[in-house]
Amino acid sequence: MAYRYPRRSIWTAPLFVAIGVLCVMIEGVLQASDLDLAGARRWRALAYQYGAFWPGLLHDWRPNFAAQPGVMFVSYAFLHGGLGHLIGNMITLIALGAVALERVGQARAALIYSASALGGAALFGVMTNSGLPMVGASGALFGLAGAWQYWVFAEMPKGPERLWHLSRAAAALIALNIVLWWLMGGRLAWQTHLGGFLTGWVAAVWLTPKPAAPPAQ
């Protein structure tokens, strides 16, 4: 199936623009504090301490505030590990957000994004043995990728081609995470990526409008 470049852009979707602007603003403030241009250098550490996803809070760690074990499932997706991390994720948001908007519209695309952020965090919390914090919009973005792959899959005729597509998608997901793991020196929350991808696929199955049945003859 030929790839169709989306005619819509995230700039036409206020919800996605708000997500991007909030991520950029937060990292901008933290960058300024890192460079002693505003605030104090401890701001990034405080942002991670209060907003990152800490797996230990699902067990016996003491939270900084009562709602933190629940809030972190959302707040982590607006924090990033630096300027490069932010730029990579925002480019991905622009590309995959446009695909989702064209297929299901703003509200449903935002639901896929949000559900994938939650699903990515949940799988990370279940699978990781690390005590380190996790930040970034990657879980939500891998969810948009999962939704995109479902839409490609759904448009294929039933048969071997569908199985071949699933195999290629799985191989691409594994290869991408291996490359990212290497580039990041092993500090990769691949569990979040997997959880986001699977959640995005399932959410797309649920949220994609079904074609109307042909009229009776």
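A residue is classed as buried when its relative accessible area is under 20%, as exposed when that area is over 50%, and as partly exposed in between. On this scale L180 is partly exposed, because its relative accessible area is 24%. The model in which this residue is described is a predicted one.

The secondary structure of the protein consists of seven helices and zero strands. Read along the sequence, the order of elements is accordingly α-α-α-α-α-α-α. The radius of gyration is 19 Å, close to the 17 Å that the globule rule gives for 217 residues, so the protein is as compact as a globular protein of that length. Taken along the principal axes, the box filled by the C-alpha atoms is roughly 70 × 35 × 35 Å. Among contacts with a separation of 6 or more, 76% are accounted for by residues 24 or more positions apart.

In soluble globular proteins, nonpolar side chains tend to be buried together. In the present model, the largest nonpolar core has 50 residues, and those with the most contacts inside it are F16, F53, L93, I112, Y113, L144 and W151. At least two residues of this core are supplied by each of α1 (14–34), α2 (42–51), α3 (68–75), α4 (83–127), α5 (138–154) and α7 (190–207). The helix that gives the most to the core is α4, with 15 residues.

The surroundings of Y113 illustrate the packing of this core. Y113 is among the residues with the most contacts inside the core. When neighbours within four places in sequence are left aside, Y113 is in contact with F16, I19, L93, A137, A140, L141 and L144. Of these partners, F16, L93 and L144 are themselves listed among the residues with the most contacts inside the core.

The partly exposed residue L180 lies in helix α6, which spans residues 160–183. Leaving aside neighbours within four places in sequence, the contacts of L180 are with F142, L188 and H193. L132 stands 48 residues from L180 along the chain, and the C-alpha atoms of the two residues are separated by 18 Å.

Terms used. Residues numbered from 1 in each chain as written. Predicted model: local features only at pLDDT ≥ 70, side-chain atom pairs only at ≥ 80, totals over all residues. Heavy atoms only, no water. Helix = DSSP H or I, 4+ residues; strand = E, 2+ residues; numbered from the N terminus. Rg over C-alpha atoms; globule rule 2.2 N^0.38 Å. Contact = heavy atoms within 4.5 Å. Core = buried A, V, L, I, M, F, W, Y, C linked by side-chain atoms within 4.5 Å. Buried < 20%, exposed > 50% of the residue type's maximum accessible area, 1.4 Å probe, protein only.
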